[in-house]
Amino acid sequence: MIIDLNSDRLDPLETIGFFKSRAELSEVPIVSFVSHVQTELIRAAQAAGCDYVLPRSAFTQMLLEIVSGKLGALSRRA
């Protein structure tokens with residue numbers, strides 16, 4: 001799952017928490033992206049259980065790997 005932490009359409013932190021709190025969904029890897037200066041939001045996403053929190057620029061550069069499922073190239077909870 002890919003989540004924009006600045007989304008206006010959903011509550012990203014609530015969505016992350018929902019997925020991680022359900023046994024049948026908790027193993028779905030969640031990749032999120034946000035501006036690197038939003039450190040408080042980065043920490044909140046990590047606390048909610050987000051597997052990979054990327055700066056927007058890194059997300060853009062690695063999008064092909066992400067959608068191809070090559071998550072090994074990412075640092076967990078970066």
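The structure is a predicted model. Helix α2 spans residues 39-48 and has Leu41, Ile42 and Ala45 among its residues as buried positions. The surface patch is made by Ile2, Leu63, Leu64 and Val67.

**Helix α2**

- Leu41, Ile42 and Ala45 are buried in helix α2. Seen down the axis of α2, the buried residues fall within an arc of 105°, so they line one face of the helix.
- An α-helix has 3.6 residues a turn, so residues three or four places apart point the same way.
- The buried residues of α2 pack against α1 (12-21), β2 (31-34) and β3 (52-55).
- On the face turned away from the buried side, α2 carries the exposed residues Glu40, Arg43 and Ala47.
- Gly49 follows α2 and has a positive phi, near 110°.

**Glu40, on the exposed face**

- Glu40 belongs to helix α2. Its relative accessible area is 64%, and exposed means over 50%, so Glu40 counts as exposed.
- Between Glu40 and Ile30 there are two separations to note: they are ten residues apart in sequence, and their C-alpha atoms are 18 Å apart in space.

- Asp51 sits in the loop between α2 and β3.
- The relative accessibility of Asp51 is 8%, and buried means under 20%, so Asp51 counts as buried.
- A polar contact of 2.8 Å joins the side chain of Asp51 to the side chain of Lys20.

**Ser32, in strand β2**

- Ser32 is placed in strand β2, and β2 is among the elements that the buried residues of α2 pack against.
- With a relative accessible area of 0%, Ser32 is buried.
- Leaving aside residues up to four places away in sequence, Ser32 touches Ile3, Leu5, Cys50, Tyr52, Val53 and Leu54.

**The nonpolar surface patch**

- Ile2, Leu63, Leu64 and Val67 make a nonpolar surface patch of about 370 Å².
- Helix α4 (residues 63-67) gives the largest share of this patch, with three residues.
- Ile2, another member of the patch, lies in strand β1 (residues 2-4).
- The relative accessible area of Ile2 is 40%, which makes Ile2 partly exposed. A residue can join a patch at over 30% relative accessible area, so a partly exposed residue such as Ile2, at 40%, passes that cut-off.

Terms used
Residues numbered from 1 in each chain as written. Predicted model: local features only at pLDDT ≥ 70, side-chain atom pairs only at ≥ 80, totals over all residues. Heavy atoms only, no water. Patch = residues over 30% accessible without salt bridge, like charges linked within 9 Å, V, L, I, M, F, W, Y side chains within 5 Å. Areas by Shrake-Rupley, 256 points an atom, 1.4 Å probe, with all protein chains shown as cover. Salt bridge = Lys/Arg side-chain N within 4 Å of Asp/Glu carboxyl O. Helix = DSSP H or I, 4+ residues; strand = E, 2+ residues; numbered from the N terminus. Buried < 20%, exposed > 50% of the residue type's maximum accessible area, 1.4 Å probe, protein only. Arc of directions from axis to C-beta. Contact = heavy atoms within 4.5 Å. Polar contact = N/O pair within 3.5 Å; in protein donor to acceptor, adjacent residues only side chain to side chain.
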